[in-house]
Each structure stands twice: as structure tokens, then as C-alpha cells.
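Please read the sequence and the structure side by side before turning to the report.

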Amino acid sequence: MISFDDLIMAKARKGDSNAWKHIYQSCEKPMYSLALRMVGDKALAEDMVQDAFIKVMDKIGQYRSDSSFWWWVRTILVNHCISFLRKNNRWVHQEEAEIESRIQELGEQPEIMHEKQLIKVLERLPEQAQRVVYLYVVEGMTHKEIAELFGKTQSFSKTLLSRSLSQLRSWINTTH
Amino acid sequence: MKHQQISETDIIELARQNRFKDTIPESVRASEDSRQLYLEHKALFETITEQTQLAPEGDIWQRIELKREVAQHKRKNRRIMWGLSAIAASLLMVVGLQWNAMTEATNLQNQIQANILQSQHLEKVLLSNQSNVTVSFATQANISQELLEIDEALQKAYLNNESQQQILKLWESRVRILLESLTQEEEQSDLVTI
């Protein structure tokens, strides 16, 4: 959980560059990792982090100290990524059945068994499925929160997660 | 002892919450199947978390600092230029008042008027350019300072009823500074990229 003491935050609110650098360094890896799962491209993920963190700095006056700083930063970052993907027609609206079908097909691809790393198998999942898995497992978002983000039902989030985890577990059991 | 059935959804959620902890909650110990499912998911989630945490390759903080510095400088320059425009506008009011007091137009007055119009036009171009172009910060600050000084001199000249020739000289200086500024912007915009 990322959090900062009152002194750092007070300095950051006053525009102290060193305080901001300290905050950024703590947020960089989780921000980049999340952005990468959302947009699927390293260079683009770096741009997302850059733009989102500038928004964090510009909007620090709106941050309430009684709420989680990481939750606030993450909201800005995720919204920024989704906005970008929508503008560039990359926020694909696939039907749940179609995504499930693609997940199912993954298990039928023999080359999957040659993948050495779980991350490579994860990256073969449909983009929306990857995002659901990451947001649930790593970010600890609830199905309700994920559903709101995607403009879908909680059932969508639960089903996608269940199907994806099933494939990932199947890969682990077969190869290890 | 009765064992409470725990759903797969709840087992998965417990496995997620207990990533990297040596914890097997009481509720999943109820059956060997629950326990096995819990441990499998916990291991899976730990691997997903470990393998997805990556650091960027580029120096993003440096890019953030540079972008903020450029944005702040542009905002400062816009404030200075708007300030200068306000002074120029008040100058025009003074000029207008004095013009009405003249009984006939003179050559000097025509030249002053021409310089005032050219100055207004160049300022508009400069303001419009500054939203698109990144140029040397020191250069822009110097030019803004020069304009400020000229405008203060012009205000004094009008208020103290100085000679038309003196006033013309000051307006010509103002136009010259704006022209130099535009020329420098064009030269430097080719050199700087972000």
C-alpha cells in the first residue's frame, strides 16, 4: 500500500520538487505495471504514466488526505488510459460470449504449452480479460468496481476472471 | 463439528487477500478440496503479481519535469504578454485623448500611428506563436523585460507630454523588439524538440 507521511504531502502540495520526485519514485513501478496491462504497449504505457502523474501534480489540491493516495492516483491513471483507448478506438467492446470463446481457444493452442512464463500465457488472453485479471488480482478491485469501469455487469467481471484463471491454472498444471 | 461450505468465489477472494502470507484461513481448512483450491489460487496470484510488476525503461520523471517546466514558462509568458497588452491598451487610450486635442495631423503623428498598429499586430502573432512553440526561456524572459521597460517609458512620455519625436522613437523601439522576438522564435523552434 503506497502512502506518504504528512510532511511529504504538505511539501508536495506547496510544489516542492523533491517531495514530488519522492512520491513519483514510489508510484512509478505500480503505475507503469498497471498502465502496461491497460494499453498493452511499453512506450504507450510510459506516456500514460507521464500524463497521469502530471494530472496528479496539477490536481493535488483535490486530493483528500483521509482517502487512500494510491486509490486516487490509480483512478486518475485508469481513467486516463481508458479515455486514450476510447479516443483511439482501442477500447474494444466485445461481447462476453466472444471473449469467453477466445479464452477457451487459448487452451486449445499447442504452442501455449511451450510458454515458459505465466506472464506470456496471460498476455495471450483477450485484452479485456487481461485487464480484469490484473485489476482483480494485483489491484484488489472488487467485481463491482471493475464492472463500473468497463460499463458492464458484475457477472461479466466474475465470468471473465473465472474463465481466465481456469486457463492459467490449466497451463500451470500441464507444464509444471 | 460441522464444516461450513465455502464457495469457490470466496476461496478465490481469500487466496487473493492472502498473497505472500503464510496463512490458511480456518474456513478453507474445512475440506481438502477447499484447501487445495485455495493454495493453487494463492500460488497463481503470487506468480501473476510478481511477473507483472515491471519498471519502465525510460526516465519518465525527467520528461515530467521538463513538460511541467515548459507549461509553467508558457503560463508565465502569457501572463506577461497579457500584462503588456493591458499597458498598451491604456497607452492607446492616452494617445486617443491627446489625438483629439490636436488641431491638424502631422507626419510624425502618422508615423506614430503606423508603429502603434504594427506593434498591435506583432503582439497578436507573438501570443499566438507562444502557445505552439518552445523557445529559449532566458530569451523570452529578456524580451518580455525589454517590452515592459519600453511600455513604462511610453506611459511616462505621454503623461509628461514629451515631444512627438521622442514618442515615435519609443514606439519604433517597441516594434523592433517584437520583430526580433519573432525572428528568434522562428530560429529556435527548429532547434528544440520535446
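**Chain A**

The model is predicted, and side-chain atom pairs are counted in it only at pLDDT 80 or more.

**The interface of chain B and chain A**

At the interface, 36 residues of chain A are in contact with 27 residues of chain B. Between them the two chains bury about 3100 Å², and 62% of this buried area lies on carbon and sulfur atoms. Polar contact is found as well, in 16 residue pairs across the interface that have both residues at pLDDT 80 or more. On the side of chain B that touches chain A, helix 1 (8–17), helix 2 (32–52) and helix 3 (60–101) of chain B each supply at least two residues. Helix 2 of chain B gives the most to that side, with 10 residues. Sorted by class, the side of chain B that touches chain A holds 11 nonpolar, 7 polar and 9 charged residues.

Salt bridges between chain B and chain A number 6. One of the pairs that join the two chains is A:Lys42 with B:Glu57, whose closest N and O atoms are 3.5 Å apart.

**Salt bridges in the structure**

Over all chains, the structure holds 18 salt bridges.

| Salt bridge | N to O distance |
|---|---|
| A:Arg74 and A:Glu139 | 3.1 Å |
| A:Lys144 and A:Glu148 | 3.3 Å |
| A:Lys42 and B:Glu57 | 3.5 Å |
| B:Glu26 and B:Arg29 | 3.8 Å |

The side chains of A:Arg74 and A:Glu139 meet in a salt bridge at 3.1 Å, N to O. This pair links distant parts of the chain, with A:Arg74 in helix 4 (residues 69–87) of chain A and A:Glu139 in the loop between helix 7 (127–137) and helix 8 (143–150) of chain A, 65 residues apart. Both A:Arg74 and A:Glu139 are buried.

The pair A:Lys144 and A:Glu148 has another setting, for both residues lie in helix 8 of chain A, 4 residues apart, which is about one turn of the helix. Why does A:Lys144 count as partly exposed? The relative accessibility of A:Lys144 is 48%, and the partly exposed class lies between the buried cut-off of under 20% and the exposed cut-off of over 50%. A:Glu148, by contrast, is exposed, because its relative accessible area is 56%, a value that falls in the class of over 50%.

In chain B, the closest N and O atoms of B:Glu26 and B:Arg29 are 3.8 Å apart, and the two residues form a salt bridge because a separation within 4 Å is what the rule asks for. B:Glu26 is exposed, with a relative accessible area of 57%, whereas B:Arg29 counts as partly exposed because its relative accessibility is 47%. Elsewhere, A:Glu46, A:Asp47 and B:Arg63 are joined into one network by salt bridges that share partners.

Terms used
Residues numbered from 1 in each chain as written. Chains lettered and ligands numbered in written order. Predicted model: local features only at pLDDT ≥ 70, side-chain atom pairs only at ≥ 80, totals over all residues. Heavy atoms only, no water. Contact = heavy atoms within 4.5 Å. Buried area = accessible area lost by both parts, 1.4 Å probe. Polar contact = N/O pair within 3.5 Å; in protein donor to acceptor, adjacent residues only side chain to side chain. Nonpolar A, V, L, I, M, F, W, Y, C, P; charged D, E, K, R; others polar. Buried < 20%, exposed > 50% of the residue type's maximum accessible area, 1.4 Å probe, protein only.
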